[in-house]
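Here's a quick tour of one protein model.

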Amino acid sequence: MRIDVVTIFPGYLAPLREALLGRAVGTGLLDIAVHDLRDWTHDVHQAVDDAPYGGGPGMVMRPHVWGEALDDVLAADPRPARLVVPTPAGRPFTQAAAHAYAAQERLVFACGRYEGIDQRVVDHYAASMPVDEISIGDYVLVGGEVAVLVVVEAVARLLPGVLGNPRSAAEDSFSDGLLEGPAYTRPEVWRGHAVPEVLRSGNHGAIARWRRDRALERTAERRPDLIAALPPDALDEADRAL
Ligand SMILES: COc1ccc(Cn2ccc3ccc(-c4cc(N)[nH]n4)cc32)cc1
């Protein structure tokens, strides 16, 4: 998969070169290119923003710089691409979206700043390619770069060969619609807190049941919306007895 990121703060994307993602890039599983939007400005001030039409606070990113940048970035590789634009007003980015993105040959991320990017940029490219305006949560960031780090990590870990243990991605939180239950490792007792007995019993049936019960309890307590969204046949008799 090829990933391009266009931003006025390329340094914000440095973490993509670290650890798991850095290794994925190094081994050729992932090809990441970060581009400085100001490389496509022509004025001495390298201006990328201007006052909003209709008034209002802050500044809006000008369409012509983005158009020149995205035209060049898209033309640099023949693979079909999806343009992803983080915004507080976007559709929620979910694990399902991460799986859909992991199947893409190429993702191009447009990182806005200020009050966002002139809407005509999204409208223009949406006429010729898939464009997603996405939100990573109901809180307001200062720009799109952190959202891109979140999305790229969530997507890259799903790519074959990126995670050391492929079972992890298959058994994620949300993979069965529930939150992950509690996890434990050595020592058996830590500051007076013991590991639940069942996990040391060797009884795999009881362990699976205990883990499912804890996941159901945690989900019902913290994310009742996920319980309500489960398909009718998702909960068996034992689940309902909980
Ligand atoms: C109109 O209200 C605002 C509009 C933009 C901004 C700052 N900003 C500029 C570009 C950009 C891209 C993504 C995000 C973002 C995404 C999520 N989930 N939260 N915040 C924020 C962004 C603040 C407020």
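Let's start with a pairing: Leu83 stands opposite Val108 in strand 6. Before going further, note that this is a predicted model, where local features need pLDDT of at least 70, side-chain atom pairs count only at pLDDT 80 or more, and totals for chains, interfaces and linings use all residues. Residues are numbered from 1 along each chain as its sequence is written, and side-chain values use heavy atoms, with hydrogens and water left out.

Back to the strands. Strand 5 (residues 82-92) pairs with strand 7 in the parallel sense over six bridges, and strand 5 also pairs in the parallel sense with strand 6 (residues 106-110), over three bridges. Two strands pair here if DSSP finds at least two bridges between them. These are the bridge partners at hand:

| Residue | Partner | Strand of the partner |
|---|---|---|
| Val84 | Asp132 | strand 7 |
| Pro92 | Ser135 | strand 7 |

How many residues of strand 7 (residues 131-135) are buried? Four of its five, which makes strand 7 mostly covered. Buried means under 20% relative accessible area, exposed over 50%, and partly exposed in between (1.4 Å probe, protein chains only).

Now for a single residue. Thr7 lies in strand 1 (residues 2-7), and it counts as buried because its relative accessibility is 0%. Leaving out residues up to four places away in sequence, Thr7 touches Leu13, Val34, His35, Asp36, Leu37, Cys111 and Glu145; a contact means heavy atoms within 4.5 Å.

Zooming out, the protein chain has nine helices and nine strands, taken as DSSP runs (helices H or I, at least four residues; strands E, at least two) and numbered from the N terminus. The chain is more spread out than a compact globule, because its radius of gyration is 22 Å, well over the 18 Å that the globule rule gives for 242 residues. That radius is taken over C-alpha atoms, and the rule is 2.2 Å times the number of residues to the power 0.38. Along the principal axes, the C-alpha atoms fill a box of roughly 70 × 40 × 40 Å.

Of the 242 residues, 40% count as buried. As for contacts between residues at least 6 apart in sequence, 74% join residues at least 24 apart.
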